[in-house]
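Subject: Structure handover

Hello,

Please find the structure below. My notes on it follow.

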Amino acid sequence: IKTLTGHTDRVTSVIFSPDGKTVASASLDKTVKLWDATNGTLIKTLTGHTAPVMSVIFSPDGKTVASASRDKTVK
């Protein structure tokens, strides 16, 4: 069991990629973070929303991540 730390505010959504290798987390800190599911290492922080991110999801092929924010956008 791993604890993934790095967001600066509450986490609102978490999902595994279809292949189970990556975890995506969305947060009130306006970011989405991508994590290596095997060792918990932060892969990348996705920015661009101007309000809290409420939801995150992978595409069926795992190549794309979509995030929905209170800024009324999907990125």
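Start with strands β3 and β4: they pair in the antiparallel sense over 4 bridges. Strands here are DSSP E runs of at least two residues, helices are H or I runs of at least four, and both are numbered from the N terminus. Two strands count as paired if DSSP finds at least two bridges between them. Within this pair, leucine 34 has lysine 44 in β4 as its bridge partner. β3 and β4 make a hairpin with 5 residues between them. Glycine 40 sits in that turn, with a positive phi of about 80 degrees.

Before you read on, the ground rules. This is a predicted model: local features need pLDDT of at least 70, side-chain atom pairs count only at pLDDT 80 or more, and totals for chains, interfaces and linings use all residues. Residues are numbered from 1 along each chain as its sequence is written, and side-chain values use heavy atoms, with hydrogens and water left out.

The sheet

β3 and β4 belong to an open sheet of 4 strands, ordered β1-β2-β3-β4, with antiparallel pairing. Its edge strands are β1 (11-16) and β4 (42-46), each pairing on one side only. Neighbouring strands are turned by 15 degrees against each other on average, direction ignored. That angle is taken between axes fitted to C-alpha atoms, on a scale from 0 to 180 degrees between N-to-C directions. β1 pairs with β2 (residues 22-27) in the antiparallel sense over 5 bridges. There, valine 14 stands opposite serine 25 of β2.

β5 (53-58) and β6 (residues 65-69) pair in the antiparallel sense over 5 bridges. Isoleucine 57 has alanine 66 in β6 as its bridge partner. The hairpin leaves 6 residues between β5 and β6. Glycine 62 in its turn has a positive phi of about 75 degrees.

The core

The largest nonpolar core has 7 residues: Ala24, Ala26, Val32, Leu34, Val53, Val56 and Phe58. β5 gives the largest share, 3 residues. A core here is a set of buried Ala, Val, Leu, Ile, Met, Phe, Trp, Tyr and Cys residues joined through side-chain atoms within 4.5 Å. Buried means under 20% relative accessible area, exposed over 50%, and partly exposed in between, with a 1.4 Å probe and protein chains only. Phenylalanine 58 touches Ile15, Phe16, Ser17, Pro18, Thr22, Ala24, Leu34, Thr64 and Val65, not counting residues up to four places away in sequence. Contact means heavy atoms within 4.5 Å.

Histidine 49

Histidine 49 lies in the loop between β4 and β5. Is histidine 49 buried or exposed? It is buried, at a relative accessible area of 9%. Its side chain makes a polar contact of 2.8 Å with that of serine 67. A second, of 3.1 Å, joins the side chains of histidine 49 and aspartate 71. A polar contact is a pair of N or O atoms within 3.5 Å; within protein, one must be able to donate a hydrogen and the other to accept it, and residues adjacent in sequence count only if both atoms are side-chain atoms. Leaving aside neighbours within four places in sequence, the contacts of histidine 49 include Lys30, Ser69, Thr73 and Lys75.

The whole chain

The chain has 0 helices and 6 strands. Of its 75 residues, 36% count as buried. The C-alpha trace spans about 30 × 25 × 15 Å along its principal axes.

Best wishes
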